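Have the coordinates open while you read.

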Amino acid sequence: MTTLDAKPADSGTGGAGVGPGTRATRVLGILTVISMGWLVLFGLVISPADVNQGESVRFFYIHAPAIWVAYTSFIVTAIASGAYLFSKKHSLGWDRLAGASAEIGVVFVALTLITGALWGRLTWGVFWQWDARLTTTSLLFVTYIGYLAVRRLGGSHLQRAKRSAVIGLLSVLLIPLVHWSVVIWRSLHQEATVLDTDLDPDIDGIMFFSIIVGLIAFSFFYAWFLLHRTRVLAMEDLMDDRGLDAALAARRAEAASAPQRSEGEGA
Amino acid sequence: MLAFFDDAGFILGGYLLTFAAVGGLAWRVIRQGKTLGEQIPDDEKYWT
């Protein structure tokens, strides 16, 4: 795995103390804040009400980008899982990248479900329907909650990496099912507006621009979080290794002193 | 505009929840990074 830049932004002492932030993550953080501000401006102020959906169309600017970023997160998880399983080196860096990406994916799926429920209440009159799209999206959410739970099971880092990589590769197969659920089954949920089959978005003008602003804002945040979280996971693994080393050393010291004690007691 | 005020609670609530989730996630990962960063020598951090 590579970093976007080599030098930490606040290095200087050479000792412990540098967090996961670098110049690259700071730039990404600033871009995230600016683009989130633009999202609020376009989503809530500049974009007009829709002819059919009225003001509830404003949910669209966070709802659709949230699920796109979630899809991307899970695809990255699958790619990193594959890279871990099938590369000769079996680098744990791939495993940590997969885990970090899944974490943010789960958050964005949750946001998709919540904003979708709020939108549904305004448009359909109900928060929830056992509709094909809603049900498959919930299944996706629960599946990746399971993936994250499996990552927290006991065992070595290598065991964690192997079993979660297998699940990461299998779980991604749900994405086509979620995306095409509105086509496969009769659904209350509207068909894809932007990522449709003719690649001609059914939305244009300021509304289309607003949704792109949402996508850019969430993508910047995704990149920022991924870098930070991957580094935090690397530090957590290091701390685990240290704890294990300390426990092993204590155990060896105990074992070494045990015969001496028994000899002393025998005499 | 009137419709906006009718639906404002839902719309603003949805946006607030989204930004709270994103902000909370960012705050958590920054705090974890700072805590762990103090305990680990810089030469063991691959990004330094």
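1. First, the ground rules. This is a predicted model, in which local features need pLDDT of at least 70, side-chain atom pairs count only at pLDDT 80 or more, and totals for chains, interfaces and linings use all residues. Residues are numbered from 1 along each chain as its sequence is written, while chains are lettered from A and ligands numbered from 1 in the order in which they are written.

2. Chain A has seven helices and zero strands, so its elements simply read α-α-α-α-α-α-α from the N terminus. Chain B has one helix and zero strands. Helices here are DSSP runs of H or I with at least four residues, strands are runs of E with at least two, and both are numbered from the N terminus.

3. On burial, 38% of the 267 residues of chain A count as buried; for chain B the figure is 25% of 48 residues. The cut-offs use C-beta atoms placed from the backbone: buried is 20 or more others within 10 Å, exposed is 12 or fewer, and partly exposed lies in between. Among chain A contacts with a separation of 6 or more, 73% join residues 24 or more positions apart. A contact is two C-beta atoms, placed from the backbone, within 7 Å.

4. Now α3(A) and α4(A). Their axes come within 10 Å and cross at roughly 150°, which means the two are roughly antiparallel. Axes are lines fitted to C-alpha atoms, for helices over the stretch in contact, and the angles run from 0 to 180 degrees between N-to-C directions; over 145 counts as roughly antiparallel. The contact includes A:Gly99, A:Gly105 and A:Gly116 of α3(A), with A:Phe141, A:Tyr144 and A:Leu148 among the residues of α4(A). By class, there are 12 nonpolar, six polar and two charged residues. Nonpolar covers Ala, Val, Leu, Ile, Met, Phe, Trp, Tyr, Cys and Pro, charged covers Asp, Glu, Lys and Arg, and the others, Gly among them, are polar.

5. What about the loop between α3 and α4 of chain A? That is where A:Phe127 sits. A:Phe127 is exposed because 12 other C-beta atoms lie within 10 Å. Leaving aside neighbours within four places in sequence, A:Phe127 is in contact with A:Ala117, A:Gly120 and A:Arg121. Its C-alpha atom is 22 Å from that of A:Ile145, 18 residues apart along the chain.

6. For α4(A) and α5(A), the axes come within 9 Å and cross at roughly 170°, so these helices are also roughly antiparallel. A:Tyr144 and A:Arg151 are among the α4(A) residues in this contact, and A:Arg160 and A:Arg163 are among those from α5(A). The classes here are four nonpolar, four polar and three charged.

7. The largest nonpolar core has 63 residues, and A:Ala66, A:Ala70, A:Phe108, A:Tyr144 and A:Phe221 touch the most other members. Such a core is a set of buried Ala, Val, Leu, Ile, Met, Phe, Trp, Tyr and Cys residues joined through C-beta atoms within 7 Å. The largest share, 15 residues, comes from α7(A).

8. Finally, the chain contact takes 41 residues from chain A and 31 from chain B. The chain B side has 17 nonpolar, eight polar and six charged residues. A:Phe221 touches B:Val22 as well as A:Thr32, not counting residues up to four places away in sequence.

Notes:
Angles under 35 degrees count as roughly parallel, over 145 as roughly antiparallel, 65 to 115 as roughly perpendicular and the rest as oblique.
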